[in-house]
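Dear colleague,

Here is the structure I promised to pass on, together with some notes on its charged side chains.

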Amino acid sequence: ANEQTVVAYQKEKGNSLVAYDKNGEILWSHPLSTYYTLLESVGEHIFIGVGRTVEMLDLNGNLIDSFSLSYTPRSMGMNGDRIVFNSSVSAAKNLISVFRYDGQSVTLEYELDFNRNIVQTAVAEDGKVLFATSVSIFECVRSVSGYTAKKLFDYLEADDANPNSSKDFGKDVLPAMLNAG
């Protein structure tokens, strides 16, 4: 595997994402907007959000696909061929956008409006899309009219009863959910 360190630079002549090898040699460079809103490295991919547009790069800095969201993304997750974005419409309204990646391009699978503040999103090993507010965990499920949120209580109750838990959703609850599938 090619070891590299990727750094986002801000310079007078423009911003860029630059990858260096372990000897400090430049492996690749990609232009980066001054106003990027999302910069995530997930698995074998790098995601750059500029407003509502997201660019998906491979680890060689090559553009795989560019696609648009309905709103500016705040956070994201990816597992296998499924990518999920959380976009804040307002302080109490979010939009979950779920995409599929077929190895060549990214296509929208569905979107789910949610009227509470979402703090974290994830994709489980089996492709389930999970998200959490500050007090509850939800799963996106298909309904007669599209997709809806199904509240999952068991994980929070189990974490609350666990004396060894740090009561940290990202550290304790979400990993337990992902491990359970």
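A salt bridge is taken here as a side-chain nitrogen of Lys or Arg within 4 Å of a carboxyl oxygen of Asp or Glu. Please keep in mind that this is a predicted model. By that criterion the structure holds five salt bridges, and Asp-81, Arg-82, Arg-100 and Glu-109 are linked in a network of them.

Asp-81 sits in the loop between strand E8 (73-79) and strand E9 (82-90), while Arg-100 belongs to strand E10 (residues 93-101), so the contact ties together parts that are 19 residues apart in sequence. Both partners are partly exposed, Asp-81 at 36% relative accessibility and Arg-100 at 31%.

Glu-109 forms a salt bridge with Arg-82, and here the closest N and O atoms are 2.7 Å apart. This pair links distant parts of the chain, with Glu-109 in strand E11 (residues 106-114) and Arg-82 in strand E9, 27 residues apart. Glu-109 is partly exposed, with a relative accessible area of 29%, whereas Arg-82, at 11%, is buried.

Another of the salt bridges joins the side chains of Lys-93 and Asp-113, at 3.8 Å from N to O. Lys-93 lies in strand E10 and Asp-113 in strand E11, so that distant parts of the chain, 20 residues apart, are linked. Lys-93 has a relative accessible area of 26% and Asp-113 one of 49%, and each counts as partly exposed.

Best regards

Note on methods. Residues numbered from 1 in each chain as written. Predicted model: local features only at pLDDT ≥ 70, side-chain atom pairs only at ≥ 80, totals over all residues. Heavy atoms only, no water. Helix = DSSP H or I, 4+ residues; strand = E, 2+ residues; numbered from the N terminus. Buried < 20%, exposed > 50% of the residue type's maximum accessible area, 1.4 Å probe, protein only.
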